[in-house]
Amino acid sequence: MSETLHPAVARVVADAEAKGIKIRIVHTEKTARSAKEAAEALSVSVGEIVKSLVFAGAETDKAYLLLVAGDNRVDEAKMAEAFGEALRRPDADFVRQATGFAIGGVSPLGSTGEIEVFMDESLFRFSTVWAAAGTPHDVFEVVPLQLRSATRARVGPVV
């Protein structure tokens, strides 16, 4: 790439390379803050979009990253069971501190902090999926199995 990457995007690319995954960043003209916006910008189904949702443990304040298919909604009670504690939706400052990314651009790769990852098993319906690459305008395509391996995610149902 001849153009200079946004620092958050460069961090995602470097992390992917360090984990042996070759990704190509796609810059969208329209924002891809939501799964619906991303799907429209990429001309793919909403299910092929990976929502990177950050939650906090209600007792421990530990950060959890849920990689969820764009057409699914998280069952917070089911996830509380999986993590062993109730979850809460944190504010933007918590998300940035836990991941190094702003809401709308949280990537499954390149987090600046340690974060436990749980991946929606329904993402495996697709040969490839699209995830945020650090900004609301940058995404990358990845094979779900590679994403699971790179993030060391536990896999299971989220709904």
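Helices here are DSSP runs of H or I with at least four residues, strands are runs of E with at least two, and both are numbered from the N terminus. On that basis, the order along the protein chain is α-β-α-β-β-α-β-α-β-β-β-α-β. That comes to five helices and eight strands.

Before going on, this is a predicted model, where local features need pLDDT of at least 70, side-chain atom pairs count only at pLDDT 80 or more, and totals for chains, interfaces and linings use all residues. Residues are numbered from 1 along each chain as its sequence is written, and side-chain values use heavy atoms, leaving out hydrogens and water.

Now the interior. Of the 159 residues, 50% count as buried, meaning under 20% relative accessible area with a 1.4 Å probe, protein chains only. A nonpolar core is a set of buried Ala, Val, Leu, Ile, Met, Phe, Trp, Tyr and Cys residues joined through side-chain atoms within 4.5 Å. The largest one has 34 residues, and Ile-23, Leu-67 and Phe-140 have the most contacts inside it. Several elements each supply at least two residues, including strand E2 (49–57), helix H4 (92–99) and helix H5 (144–151). H1 gives the most, with five residues. Apart from this core lies another, of 10 residues, among them Phe-55 and Val-158.

What is Phe-140 in contact with, leaving aside its neighbours within four places in sequence? Its partners include Val-12, Ile-23, Pro-108 and Trp-130; contact means heavy atoms within 4.5 Å. Across the protein chain, 65% of the contacts with a separation of 6 or more join residues 24 or more positions apart.

Last, the outline: the C-alpha atoms fill a box of roughly 45 × 30 × 30 Å along the principal axes.
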